[in-house]
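These are my notebook entries on a set of look-ups.

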Amino acid sequence: MNRGKEETRGPDERTSFTRREFIKGVGIGGGAIVLLGQFGVHAAAWALSGDPVLKMIVVHYAKCTGCRTCEAACSSRNRPASVAGRELPGLGNPRYANIRVHSFNPDVDVPNVCAMCADTPCVKACPVEPAPKTGRRALYRDQASHTIRNDTGRCIGCRSCAKACATQRTGVISPNPATGKPERICTLCGGDPQCVKRCPFEALSYVEVRRDRKFYGLEPEKIAAELARNWYGTADFGGLK
Amino acid sequence: MSGKPGYHGVILNIDLSSGKIEKREVAPQDLDNFVGGQGLGMKILWDRLKKPGVDPLSPENPLMFMPGPFSGLPVPSSSRTCVVTKSPITSPLKSDYPHASTVSYSNMGGFFGPEMRFAGYDGIVITGKAKELCYVVIDDDRVEIRDARKFKGMRTDAFDKAFLGELGDRRYKTVYIGPAGENLVPYSSILHTAGRAAGRGGVGCVMGSKNLKAIAVRGSGQPSVADHTRFLAALERARTVLKTSPFAKAMAEQGTASAIVRSSNAGTETVRNFREGTFPQADKIGGDAAKRDVWVRDIACYCCPLACKKSGITKGKYGGVVHDGPEYETGVMLGSNLLISDMPGLLKAIYNLDDLGLDQISTGNVIGFLMEAYEKGMIDRKFLDGIDLRWGSVDATLAMIEKIAARDGVGELAAKGVAALAQRIGQGSEKFAIHVKGLELAAHNIQANQPRALSYATAERGACHLSGDDIATQNKRAVLDSIGLCLFPTFEPALEEPMLSLLSAITGREYDRAEFAKTGERIVNLEKMFNYREGFRREDDRLPDRFFEDAFTIGPKKGAVLDRKEFDLMLTKYYKDRGWDPETTKPGASKLKELGLDSIV
């Protein structure tokens with residue numbers, strides 16, 4: 001397979017990557033860049049050194065083919081069906097997936113999923129008063145899974161979190177058209193992310209990354225532009241931003 | 001609406017003459033008998049065109065976009081959309097009707113069919129003709145016809161981008177024609193994602209005749225399934241089969257391009273306008289060369305684990321092309337068939353054909369014919385508007401492609417296809433005008449491949465390399481094109497069981513191997529009845545004389561040629577085994593009754 005024409009680099013060069021070089025060949029989890037793949041265990045060790053770790057979905061863009069199996073797998077788990085009183089995996093309507101593949105011309109596909117940003121601009125944007133007992137706003141970070149969750153009972157549907165995500169990070173949060181409450185936030189499927197499990201091309205992984213990593217939350221268009229420039233020498237996607 | 005599981009039961013009807021948009025219920029028995037896709041499209045075609053001889057470019061001819069019951073579900077490789085209409089390119093030798101032509105269907109991968117089903121439709125039927133160039137936007141229930149004049153003449157790559165810009169959401173899936181379709185070149189294609197095409201049989205020409213530049217669709221729903229638990233279990237088995245299939249792995253490696261060298265080595269490649277079956281320079285345009293010099297990415301259609309499409313960028317004199325390919329058909333028809341072995345030049349031709357919206361197969365065939373006629377001195381440079389159309393010339397090929405798309409000068413005649421060209425040029429050129437019923441043959445040469453000769457001769461849309469080399473395969477493939485599943489994964493034999501189980505679980509109708517085959521046979525027989533009514537007879541299932549007279553002079557199959565007597569016997573047996581009259585090819589009354597077609601035709 002043509003898993004991207006990645007530049008080969010030795011592990012010695014690991015400390016001299018520029019932001020753009022990261023994006024060229026390696027994975028970016030929801031826009032967060034980590035070291036993987038051909039950079040080997042040395043690089044991974046570097047990525048993990050020193051700081052507390054966080055497990056999240058990481059995309060290897062050179063491997064993604066744009067097939068959208070991840071969308072179906074995500075939706076199937078996170079939007080289950082009720083059949084004869086039993087809860088079963090759903091049929092995988094991609095509209096309800098928390099991961100979404102953005103496809104471009106020239107051929108570039110960018111799966112977009114919650115970057116689990118360490119500084120949570122979405123949570124900070126939530127105007128709901130923190131609960132005295134838990135200190136949580138309506139939108140909060142779950143301390144066990146580190147996922148972002150929404151307390152729908154307290155959420156006022158103001159769309160501030162979605163706006164913050166769209167302007168500052170990946171834009172993955174979508175307000176429900178009727179209620180305005182945030183949707184499409186990754187649940188990590190309780191620790192067994194179905195997108196990772198079902199990707200036929202091993203383009204997604206569920207890995208530990210440094211929590212204080214420097215780069216995260218790039219919007220899909222920016223990632224696509226970097227990839228297209230690197231692969232095809234052009235980033236002209238036409239009129240749509 | 002029909003209440004049948006696996007379907008919405010709704011066909012979206014858009015009449016571009018009146019602007020009337022209507023959601024029509026599909027008769028449940030039509031879904032049972034014709035499944036979807038190609039089959040259901042054929043049934044609608046039969047119902048709509050009540051009389052033979054309808055002009056395919058008239059407003060009356062329906063242009064249909066047909067997904068199948070697998071579409072919109074995460075079944076591996078269920079990405080296909082079948083475009084069905086009456087062909088603007090085929091014609092019988094004799095008929096009472098001046099506009100007689102065959103059925104036409106052309107199948108494409110990508111994301112359009114699934115998205116149609118998300119939007120709530122089992123098919124889109126376009127009739128009529130808009131006053132000005134228009135496009136259609138479908139957003140779930142909301143359907144609008146809009147002015148497309150500003151996009152007039154726009155090539156498909158630029159249009160693909162500009163159109164999404166206009167729509168404002170990347171989630172829209174779009175199909176469209178290029179300048180060739182607008183100019184009514186009979187073998188125009190319909191493009192999707194600027195690199196996937198419903199190329200064959202002139203579907204883009206019919207779209208152009210309706211003044212329809214494009215359709216965009218976006219949806220939020222999904223069809224149901226009859227047996228949820230069984231569906232999930234069969235889905236799991238299908239995924240597992242393809243995960244471990246050596247065939248699937250090979251497709252992921254180089255797609256169909258790996259066959260460029262393989263087929264040349266087997267003496268089954270289309271070379272030098274079908275004169276030879278082996279191309280000594282095949283390795284220069286094959287999968288290994290493309291992988292080394294061009295490709296950067298594997299691209300997959302909806303939920304497909306094969307990713308047979310490869311995209312890249314070329315360098316050199318014809319460099320700078322960002323596109324997918326070569327695939328087997330595109331690489332051979334524009335490469336070995338024209339003796340072009342310059343990879344960037346080949347990809348430039350492939351890109352330009354997609355960009356202009358021309359069928360790669362027919363166009364490559366037409367240019368090969370002209371190159372041979374030019375070499376033989378049957379036509380001169382003046383005939384070709386000054387183009388020095390020598391074998392292997394990339395520049396001349398690129399120039400001819402532009403002429404054809406614009407129907408300019410020699411392009412006006414060349415746009416009509418090889419049958420029309422041979423008629424005009426005469427001098428015995430019909431011997432190497434490589435078509436059946438007016439549709440050009442593809443990249444599978446047949447002097448050394450008699451079973452494929454049967455496929456070309458008997459396919460109901462005109463020369464088709466995919467219709468199947470025998471009755472059982474033909475019946476099976478007619479259903480495959482009806483359920484929305486791609487042909488490629490089904491080359492893995494272990495997929496058959498999960499596939500039948502999935503179809504049964506989705507539709508609630510039990511499909512075993514026999515029922516599947518019978519459904520396909522029903523579809524083929526309906527197509528045959530349509531063609532028979534138009535005036536097609538056994539003499540139309542003929543192959544050009546080249547295949548019986550010009551033995552290969554090079555390669556491992558040197559000396560290979562088809563035997564006319566053997567071929568005729570094979571045809572006779574085929575009709576008899578089909579239950580058709582071997583003299584006329586008319587399906588027998590008992591066969592029609594057996595298939596439940598007696599009440600329809």
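I worked on a 1 Å grid over the protein atoms alone, where a cavity is a set of points at which a 1.4 Å probe fits but cannot get out; lining residues have an atom within 4 Å of a point. Grid points are joined across faces, edges and corners, and the volume is the space filled by probe spheres set on the points. By this rule I count 7 cavities of 30 Å³ or more.

I then listed the lining of the largest cavity, which has 20 residues; A:Ser103, A:Phe104, B:Phe111, B:Lys173 and B:Thr193 lie nearest its centre. At least two lining residues each come from strand E6 (100-104) and strand E7 (108-112) of chain A, and from helix H4 (156-167) and strand E9 (173-176) of chain B. Helices (H or I, at least four residues) and strands (E, at least two) are DSSP runs, numbered from the N terminus.

Of its 14 lining residues, A:Cys114, A:Ala115, A:Cys117, A:Cys122 and A:Cys165 are the closest to its centre. I classed this lining as 11 nonpolar, 2 polar and 1 charged.

**Conventions.** I number residues from 1 along each chain as its sequence is written, and letter chains from A and number ligands from 1 in the order in which they are written. For this predicted model, local features need pLDDT of at least 70, side-chain atom pairs count only at pLDDT 80 or more, and totals for chains, interfaces and linings use all residues, while side-chain values use heavy atoms, with hydrogens and water left out.

**Confidence.** The model scores ipTM 0.96 and pTM 0.94. I read a mean pLDDT (the predictor's confidence in each residue, from 0 to 100) of 97 for chain B.

**Interface.** How many residues of chain A are in contact with chain B? I find 45, against 56 residues of chain B, with contact meaning heavy atoms within 4.5 Å. The two chains bury about 4,100 Å² between them, 51% of it on carbon and sulfur atoms; buried area is the accessible area (1.4 Å probe) that two parts lose on being put together, summed over both.

**Salt bridges.** I required a side-chain nitrogen of Lys or Arg within 4 Å of a carboxyl oxygen of Asp or Glu. A:Arg198 pairs with B:Glu236 at 2.8 Å, N to O. I also noted B:Lys213 with B:Glu182, their closest N and O atoms being 2.6 Å apart. B:Lys213 lies in strand E12 and B:Glu182 in helix H5 (residues 179-182) of chain B, so this pair ties together parts 31 residues apart in sequence.

**Backbone.** Most residues other than glycine have a negative phi, and most peptide bonds are trans. I recorded a cis bond from A:Asn105 to A:Pro106, with omega near 5°; A:Pro106 is in the loop between E6 and E7 of chain A. The bond from B:Gly325 to B:Pro326 is cis, with omega near 0°. A:His146, not a glycine, has a positive phi of about 70°.

Definitions and conventions. On a 1 Å grid over the protein atoms alone, a cavity is a set of points where a 1.4 Å probe fits but cannot get out, and a pocket is an open set with protein on both sides within 12 Å along at least five of seven lines; lining residues have an atom within 4 Å of a point. Ala, Val, Leu, Ile, Met, Phe, Trp, Tyr, Cys and Pro count as nonpolar, Asp, Glu, Lys and Arg as charged, and the others, Gly among them, as polar.
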